[in-house]
Amino acid sequence: MSEISSSITLLIKTDDQKEAERSLRSLDRWLARDPEVQTGTLSRELTSLKPPEATYQSPWFDVLSLVLSTGFNAASLWLGINNWRLSRPGSVTVTVVRAGRDAVRIDGVDPATEQRLLAALLGGEDG
């Protein structure tokens, strides 16, 4: 896979609506332990795309934000996410989003296509 030419910000979501925060915290810990992902990640942050409702004490975290460094390999990110998915009970779909580009769904249906689409998503300058 090709390398990334500049830092890129990605948002990662799961389809696990009821357990989004727990799933994202688990994925965040998984990626933090992955040496390939760890060395290429400038920052990781759990965030919420919507303001918390007044009835809740704290915001719900529904997105994992990653900033990837120059030279990060897209295959490493795909492998880290896919290995985390396979470790989970049931079937979890992960969506990787980059501003101004199409989103990539990682669900294990077609790994080669997922890797190719993720590499395309990460290619070029931030949009």
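The structure is a predicted model, in which local features need pLDDT of at least 70 and side-chain atom pairs count only at pLDDT 80 or more, while totals for chains, interfaces and linings use all residues. Residues are numbered from 1 along each chain as its sequence is written, and side-chain values use heavy atoms, with hydrogens and water left out.

The protein chain contains four helices and five strands. Here helices (H or I, at least four residues) and strands (E, at least two) are DSSP runs, numbered from the N terminus. Read from the N terminus on, the elements follow the order β-α-α-β-β-α-β-β-α. Of the 127 residues in the protein chain, 39% count as buried; buried means under 20% relative accessible area, exposed means over 50%, and partly exposed lies in between, using a 1.4 Å probe and protein chains only. Contacts (heavy atoms within 4.5 Å) can also be sorted by their spacing along the chain. Among those in the protein chain between residues at least 6 apart in sequence, 65% join residues at least 24 apart.

Five strands form an open sheet in the order β2-β3-β1-β4-β5, with antiparallel pairing; two strands pair if DSSP finds at least two bridges between them. β2 (41-47) and β5 are at the edges and have a single partner strand each, so one side of each is left without a neighbour in the sheet. From one strand to the next, the twist averages 20°.

Two packed helices are described by the angle between their axes and the distance between the axes. Axes are lines fitted to C-alpha atoms, for helices over the stretch in contact, and angles run from 0 to 180 degrees between N-to-C directions. Helices α3 and α4 pack at an angle of about 130°, and their axes are 9 Å apart. That makes α3 oblique to α4; angles under 35 degrees count as roughly parallel, over 145 as roughly antiparallel, 65 to 115 as roughly perpendicular and the rest as oblique. The crossing of α3 and α4 is right-handed, a crossing being left-handed if the near helix is turned anticlockwise from the far one by less than a right angle, and right-handed if clockwise. In this contact, Ala74, Leu77 and Trp78 of α3 meet Pro111, Glu114, Gln115, Leu118, Ala119 and Leu122 of α4. Helix α4 also lies across β1, β3, β4 and β5, and runs at about 145° to β5.

For α1 and α3, the axes come within 10 Å and cross at roughly 125°. These two helices are therefore oblique to each other. Their contact is made by Ser23, Ser26, Leu27, Trp30 and Leu31 of α1 together with Gly80, Ile81, Asn83, Trp84 and Ser87 of α3. Ser26, in helix α1, is buried, with a relative accessible area of 15%. Apart from neighbours within four places in sequence, Ser26 is in contact with Trp84 and Arg88.

Finally, there is the nonpolar core, defined as a set of buried Ala, Val, Leu, Ile, Met, Phe, Trp, Tyr and Cys residues joined through side-chain atoms within 4.5 Å. The largest such core has 26 residues, of which Leu77, Ile81 and Val96 touch the most other members. Two or more residues each come from β1 (8-14), α1 (20-33), β3 (63-68), α3 (74-87), β4 (94-97), β5 (104-106) and α4 (111-122). Helix α3 gives the most to this core, with five residues. Not counting residues up to four places away in sequence, Val96 touches Leu10, Leu11, Ile12, Ile81, Ala103, Val104, Ile106, Leu118 and Leu121.
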